[in-house]
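This report is for a reader who has not seen this structure before. Please look at the sequence and the model first.

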Amino acid sequence: MSKNLLEFKNVSRRFLLPQGEVTVLEDISFQAMEGEFITIVGPSGAGKSTLLRMINGLLQPSSGSILYEDREQRGINFDTAMVFQNFGLLPWLTVSQNIELGLEARTKDIELRRNRVRHYITKVGLEGYEEAYPRELSGGMKQRVGLARALAVEPSLLLMDEPFSSLDVLTSINLRNELLDIWSDRDNVVNTMVMVTHNIEEAIELSDRILILSNRPGKIAGELKIDLPRPRRKRDPLFVEYVDRVFSLLA
């Protein structure tokens, strides 16, 4: 049986702005089981990215508590890694150096780091581009670097903030398929994923479960388990029915 990896208990997050205190997330409660693929959807400003940063530990709750493996989380959670929408690559570093960056803070074993980098370069299909710089890469290849960098630290929980939104349609389709291959390969350390997206079809295609946030302050307006076999087809009547259900919850 899968274990409970992450739990939010009545979590709220407020920010103090010049115009006063603003509540971005309010009374958020949910669980993420080991091995799940969860997607968070909601309107702009609902606090989706804020929620991801709280899972990561970059932001702390204003009230409520976050449990990771049944222990209250305090500070950065080094069992997580993040894939960003805008790639977040350092332009003066090569592909290999960008991927190795997160490992440098975790181990002084240079041989281990280089072996790990080579492994994940192969895993995401970047062979031959090890010494290339970000300016020499397409958007899809840059996101492969970002994915490899996150995978290289071998997190238990992979977080993704709209990872496909800046890519063209074909590249996005290819990367989504490859991400599912990585997630479903139980030989990989990474088998639990939480993703934020605005794309409802993308959420249904990838997820085991979708959390729908309301407009600010973000609250969980609904939760939807996607009971469809993979690979999922957008023209499947059941797929279309799930799309309608997510839109109705958003409304």
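The model is a predicted one.

| Space | Volume | Lining by class |
|---|---|---|
| Largest pocket | about 450 Å³ | ten nonpolar, six polar, two charged |
| Second largest pocket | about 200 Å³ | five nonpolar, five polar, five charged |
| Largest cavity | about 60 Å³ | seven nonpolar, one polar, no charged |

The lining of the largest pocket is made up of 18 residues. Those nearest its centre are Thr-80, Ala-81, Met-82, Gly-102 and Arg-106. Three elements each give at least two residues to this lining: the strand β6 (80-83) and the helices α2 (95-104) and α4 (139-152).

The second largest pocket has 15 lining residues, and Phe-164, Ser-172, Arg-176, Asn-199 and Glu-202 are the closest to its centre. Both α5 (169-184) and α6 (200-206) supply at least two residues of its lining. The largest share, four residues, comes from α5.

How many cavities of 30 Å³ or more are there? The count is one. The residues that line this cavity are Val-83, Gln-143, Leu-147, Met-160, Pro-163, Phe-164, Leu-175 and Leu-179. At least two of the lining residues come from α4, and at least two from α5.

Ile-76 sits in the loop between β5 (71-72) and β6. Is Ile-76 buried, partly exposed or exposed? Its relative accessible area is 39%, which makes Ile-76 partly exposed, since buried means under 20% and exposed means over 50%.

**A mostly covered helix**

Helix α1 spans residues 48-56, and seven of its nine residues are buried. The buried ones are Lys-48, Thr-50, Leu-51, Leu-52, Met-54, Ile-55 and Asn-56. In an α-helix, residues three or four places apart point the same way, because there are 3.6 residues a turn. After α1 comes Gly-57, with a positive phi near 95°.

Notes: Residues numbered from 1 in each chain as written. Predicted model: local features only at pLDDT ≥ 70, side-chain atom pairs only at ≥ 80, totals over all residues. Heavy atoms only, no water. 1 Å grid on protein atoms, 1.4 Å probe; cavity = no way out; pocket = protein on both sides within 12 Å on 5 of 7 lines; lining within 4 Å. Points joined across faces, edges and corners; volume = space filled by probe spheres on them. Nonpolar A, V, L, I, M, F, W, Y, C, P; charged D, E, K, R; others polar. Buried < 20%, exposed > 50% of the residue type's maximum accessible area, 1.4 Å probe, protein only.
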